Amino acid sequence: MGRSVDEHVREVATLVRAAAQRRATDPPETVAVSAALAGRLATPVRSRLDVPGFDNSQMDGFAVHAEDLARAGVTPVTLPTVAHVVAGDAVPPRLDPGTAAPIMTGAPLPPGADAVVPVERTRPGDFGPVEGGGLVEFGEAVEPGTFLRRAGSDVEAGATVLEAGAPLTPAAIGALVVSGVAEVEVAPLLRLAVVATGAELVTGAVPDSNSSVLAAHAVSLGLPVTTHVVPDDPALLRELLDRLAVEHDVIVTTGGVSAGTREVVRQVVEGTPGSWFGHVAVQPGGPQGLGTVRSGDHDVPIICLPGNPVSVLVSFELFLRPALAQAAGRVAWRPSGTSALAEPLTSPPGRLQVRRGRLGDDGRVSLVGEAGSHLAVSYARADVLVLVPEHTTELDAGDTVEWWRIA
Ligand SMILES: Nc1nc2c(c(=O)[nH]1)N[C@H]1C(S)=C(S)[C@@H](COP(=O)(O)OP(=O)(O)OC[C@H]3O[C@@H](n4cnc5c(N)ncnc54)[C@H](O)[C@@H]3O)O[C@H]1N2
Ligand code: MOO
């Protein structure tokens with residue numbers, strides 16, 4: 001039974017989303033902010049501090065009473081300077097009306113001052129003596145509040161920094177640190193198991209590169225992952241799946257799904273509740289399967305990828321990355337674009353063909369390696385996947401193709 005790429009994307013996403021929702025009902029984990037590098041917040045976080053913590057300057061310039069400069073646009077106003085204030089200083093003494101405080105970006109605003117004028121808008125255009133006692137001329141009026149960063153203008157103490165469900169991005173880590181938060185409650189992460197199947201992996205005739213590829217992808221999304229290898233033995237695979245389902249939320253298998261005599265994944269997973277095995281309209285990565293394994297009160301999804309190394313890489317990009325990235329609180333899409341092809345190509349009818357390519361300095365995309373789904377080394381030399389639409393069978397040099405960046 002055949003299926004479109006979009007339909008399989010949706011089916012995988014539905015299974016992974018359900019697994020993520022179920023996992024999110026497990027008790028949250030308290031982790032140090034510095035270690036909260038993936039996933040989502042389980043509970044809202046409130047700021048312990050005003051951010052910024054004090055009124056400060058947005059520019060290197062002069063803190064003033066705006067009122068003193070009210071007529072500066074008509075007649076330039078000259079004010080005596082007081083001592084410089086730099087970032088890291090304690091809050092300086094009150095600024096007397098009729099004086100200006102040389103102040104650096106991030107330095108605490110002297111009480112009483114209500115605006116900062118950048119140094120380049122003053123004359124002579126420098127700060128004068130560090131201890132004060134200089135003169136500075138202003139040629140324009142200034143609105144109160146100009147170039148000030150008020151205490152609490154980013155977030156006030158006690159206010160919500162991030163809501164439950166917010167992804168733990170690098171920016172989120174920064175926001176938590178600046179808000180004085182040391183630990184957060186994180187929703188438990190989706191736990192992946194990767195199961196590579198095939199006698200050739202167990203004997204060592206073929207190195208198990210698929211497990212390493214999928215584990216590396218999981219790690220790069222911040223998701224915990226374990227890897228396992230089984231020979232083409234249905235009883236062993238069944239027993240392994242039962243065991244893995246206890247402490248994993250999604251199981252991904254590779255190999256054993258096509259039409260041979262030893263399709264161990266198909267034998268074991270086909271017929272489980274919700275299972276589907278068939279061809280998706282894509283090359284490579286055509287043979288795909290889905291199924292479930294029961295664990296206690298719920299079903300753990302099994303996503304069955306074909307064994308060929310390039311098929312695994314492409315299947316991950318098409319079907320797994322979007323769903324797993326969403327669960328991990330990471331950006332789900334790859335940068336993409338369109339470019340002219342540097343060379344002609346042919347493509348099978350009725351299937352999205354995914355070729356490997358490189359974007360040249362001239363903006364054109366050239367192909368890397370042939371279409372074969374065993375060409376894992378040439379995949380690693382590519383920096384884009386080239387997507388040839390389902391109904392396109394030939395393209396010429398200069399024709400436009402869509403690409404997704406993979407490196
Ligand atoms: N008669 C048909 N034969 C095949 C079809 C078909 O439709 N009819 N589809 C072909 C396509 S397309 C693919 S893709 C593969 C999928 O096969 P399997 O998922 O059953 O994968 P295996 O046969 O187990 O392995 C295929 C290939 O990949 C190597 N492999 C497997 N696991 C790993 C691993 N963990 N690391 C590295 N390499 C691995 C394995 O040694 C084989 O060379 O079926 C085609 N055949
Ligand atoms: O569709 Mo298979 O995944 O070409 O190699």
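Begin by selecting ligand 1, which is surrounded by 22 residues, the closest being Glu200, Asp208, Val257, Glu263 and Gly307; a residue counts as near a molecule if one of its heavy atoms lies within 4 Å of it. The structure is a predicted model, in which local features need pLDDT of at least 70, side-chain atom pairs count only at pLDDT 80 or more, and totals for chains, interfaces and linings use all residues. Residues are numbered from 1 along each chain as its sequence is written, chains are lettered from A and ligands numbered from 1 in the order in which they are written, and side-chain values use heavy atoms, with hydrogens and water left out.

**Ligand 1**

Display the polar contacts, that is, pairs of N or O atoms within 3.5 Å; within protein, one must be able to donate a hydrogen and the other to accept it, and residues adjacent in sequence count only if both atoms are side-chain atoms. Glutamate 200 places a polar side-chain atom 2.7 Å from an oxygen atom of ligand 1, and for glutamate 263 the corresponding distance to an oxygen atom of this ligand is 2.9 Å. At asparagine 308, a polar backbone atom is 3.4 Å from an oxygen atom of ligand 1. On its own, ligand 1 has 870 Å² of accessible area, of which the protein covers 67% (Shrake-Rupley method, 1.4 Å probe; for residues, only the protein chains shown count as cover).

Next, colour the shell by class. It has nine nonpolar, 10 polar and three charged residues, where Ala, Val, Leu, Ile, Met, Phe, Trp, Tyr, Cys and Pro count as nonpolar, Asp, Glu, Lys and Arg as charged, and the others, Gly among them, as polar. Helix H3 (199-203), helix H4 (209-220) and helix H7 (309-328) each contribute at least two residues to this shell; helices (H or I, at least four residues) and strands (E, at least two) are DSSP runs, numbered from the N terminus.

**Ligand 2**

Now select ligand 2. Around it are Gln283, Pro284, Gly285, Gly286, Pro287, Pro306, Asn308, Ser311 and Ser373. By class, these comprise three nonpolar, six polar and no charged residues. Serine 373 has a polar side-chain atom 2.3 Å from an oxygen atom of ligand 2, and serine 311 has one at 2.5 Å from an oxygen atom of the ligand. For asparagine 308, an N or O atom in the side chain is 3.2 Å from an oxygen atom of ligand 2.

**An open sheet**

Move to the strands S6, S10 and S9, which form an open antiparallel sheet in the order S6-S10-S9. Strand S6 (77-80) and strand S9 (122-123) are the edges, each pairing on one side only; two strands pair if DSSP finds at least two bridges between them. S9 and strand S10 (residues 135-138) are joined by two bridges in the antiparallel sense. Select arginine 123 to see glutamate 137 of S10 opposite.

**Backbone details**

Proline 124 is in the loop between S9 and S10. A cis peptide bond also joins valine 51 and proline 52, with omega about -10 degrees, and proline 52 lies in the loop between strand S3 (45-46) and strand S4 (56-57).

Finally, select phenylalanine 147, in the loop between S10 and strand S11 (148-149). Although not a glycine, phenylalanine 147 has a positive phi of about 55 degrees. Most residues other than glycine have a negative phi, and most peptide bonds are trans.
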